[in-house]
Amino acid sequence: MRLRPHHHPPAGKINVTPLIDVVMVLIVFYLIVGKLAADARAKVQLPGARVGVTDNAAADLTITLQADPNSSVIFVGDERCTIADLPAILRARGINQPGRSVQLRADKALDYSKVSPIIAACREAGVPSLKLIAQREDPGAR
Amino acid sequence: MKHYFRNRSARAVHEQHAGPNMTPMVDVVMVILIFFMASAAILGPEWFLKSALPVVGGSAAASKTTRIKITVARGPDATPLITITAGDAPPKESSLSGLAAILAALPDKSNAIALVSPSADVPYDWVVRVHEACAQAGIARVGLAE
């Protein structure tokens, strides 16, 4: 009786399919968890805009301004700070260098009197450019 | 009764399926699809309007440009009251909805600088709407007054 030879995969050949599978699932998991954690930390209702730009430069620093019943809450990146400390923090992070800019995520319900000190602090720190972050709206939304 | 079809063993049936195994490919493609959907949902809905910071004094180049001053105030019925002053022209009053049309009608917009000067009591949302109207009208250089 003749038996067919068994075909074993050659030794040393790694099947990368499950590896890619698991790595991609982990990336998706961390993306979602990171986003949820960031949202929980800084809840902001952004204003809407029908025009805008989407290139997120890595050199940008984000200032988040939350609406609070008593006073506004300021975050530079993940760090909570006061308006008095803001110019020094911006300078310490080298934001006055050419090519760098600040992204301002301010709540749409805030009065401009709460936002203008941030702009003054950015100017004092020598920030070259300010980006006002907005929620993307469809052209026919309003 | 005579059988016209030959009985096949499970091994023979298995060996007939020639070609690549589709299961891992479908698996990976579905994961990549979910990855891009999640990325689009997380990164997609936000963008930004670029704003300049006001500088005390002006350069010689800036003196040749058209300066548009846009003041934003709260009107008597709590609606936005916007006043546009382009160069030496008399000021025009507008609502938020009519602002883009007034700005679009201005001459030499590509060479213009708009300075948005909001009152302290106006919502930040109105400021962004004014900024958006400037961008829609083709004014690239927009600054925010403190």
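Predicted model: local features only at pLDDT ≥ 70, side-chain atom pairs only at ≥ 80, totals over all residues.
Helices and strands are here taken as DSSP runs, a helix having at least four residues, and they are numbered from the N terminus. By that assignment, helix H5(B) is followed by B:Gly138, whose phi is positive, near 95°.

**Architecture of chain A**

- Chain A contains three helices and six strands.
- Of the 142 residues in chain A, 21% are buried.
- When contacts in chain A between residues at least 6 apart in sequence are considered, 76% join residues at least 24 apart.

**Helix H3 of chain A**

- Helix H3 of chain A comprises residues 112–125, 14 residues in total. The distance from its first C-alpha to its last is 20 Å, close to the 20 Å expected at 1.5 Å a residue.
- The buried residues of H3(A) are A:Tyr112, A:Lys114, A:Val115, A:Ile118, A:Ile119, A:Ala121 and A:Cys122.

**Helix H5 of chain B**

- The end C-alpha atoms of H5(B) are 20 Å apart, in agreement with the 20 Å that its 14 residues should span at 1.5 Å a residue.
- Because twelve of its 14 residues are buried, H5(B) is largely enclosed by the rest of the structure.
- The buried set in H5(B) includes the charged residues B:Asp125, B:Arg129 and B:Glu132, and B:Tyr124, B:Trp126 and B:His131 are also among the buried residues.

**Largest nonpolar core**

- The largest nonpolar core has 48 residues, and those that touch the most other members are A:Ile118, A:Cys122, B:Val127 and B:Val130.
- Helix H5 of chain B, residues 124–137, gives the most to this core, contributing eight residues.
- Leaving aside residues up to four places away in sequence, B:Val130 touches B:Ile70, B:Val72, B:Ile82, B:Leu99 and B:Val116.

**Contact between chains A and B**

- Chain A supplies 41 residues to the contact, and chain B supplies 35 residues.
- On the side of chain A that touches chain B, the elements giving two or more residues are helix H1 (17–41), strand E5 (102–106), H3 and strand E6 (130–136) of chain A. H1(A) gives the most to this side, with ten residues.
- By class, the side of chain A that touches chain B consists of 25 nonpolar, eight polar and eight charged residues.
- Strand E6(A) is joined to strand E1 of chain B (residues 46–51) by six bridges, and the two strands run antiparallel.
- Opposite A:Gln135 stands B:Glu46, a residue of E1(B).

**Sheet of chain B**

- Chain B has an open sheet of five strands in the order E4-E3-E2-E5-E6, with mixed pairing.
- Strands E4 (92–94) and E6 (141–144) of chain B stand at the edges; each has a single partner strand, so one side of each is left without a neighbour in the sheet.
- With direction ignored, neighbouring strands of this sheet are turned by 20° against each other on average.
- Strand E3 of chain B (residues 80–86) and E4(B) run antiparallel and are joined by three bridges.
- B:Thr83 has B:Glu93, in E4(B), as its bridge partner.

Conventions. Residues numbered from 1 in each chain as written. Chains lettered and ligands numbered in written order. Core = buried A, V, L, I, M, F, W, Y, C linked by C-beta atoms within 7 Å. Buried ≥ 20, exposed ≤ 12 C-beta atoms within 10 Å, placed from the backbone. Contact = placed C-beta atoms within 7 Å. Expected span 1.5 Å × (residues − 1). Pairing = 2+ DSSP bridges. Axes fitted to C-alpha atoms, helices over the stretch in contact; angles between N-to-C directions.
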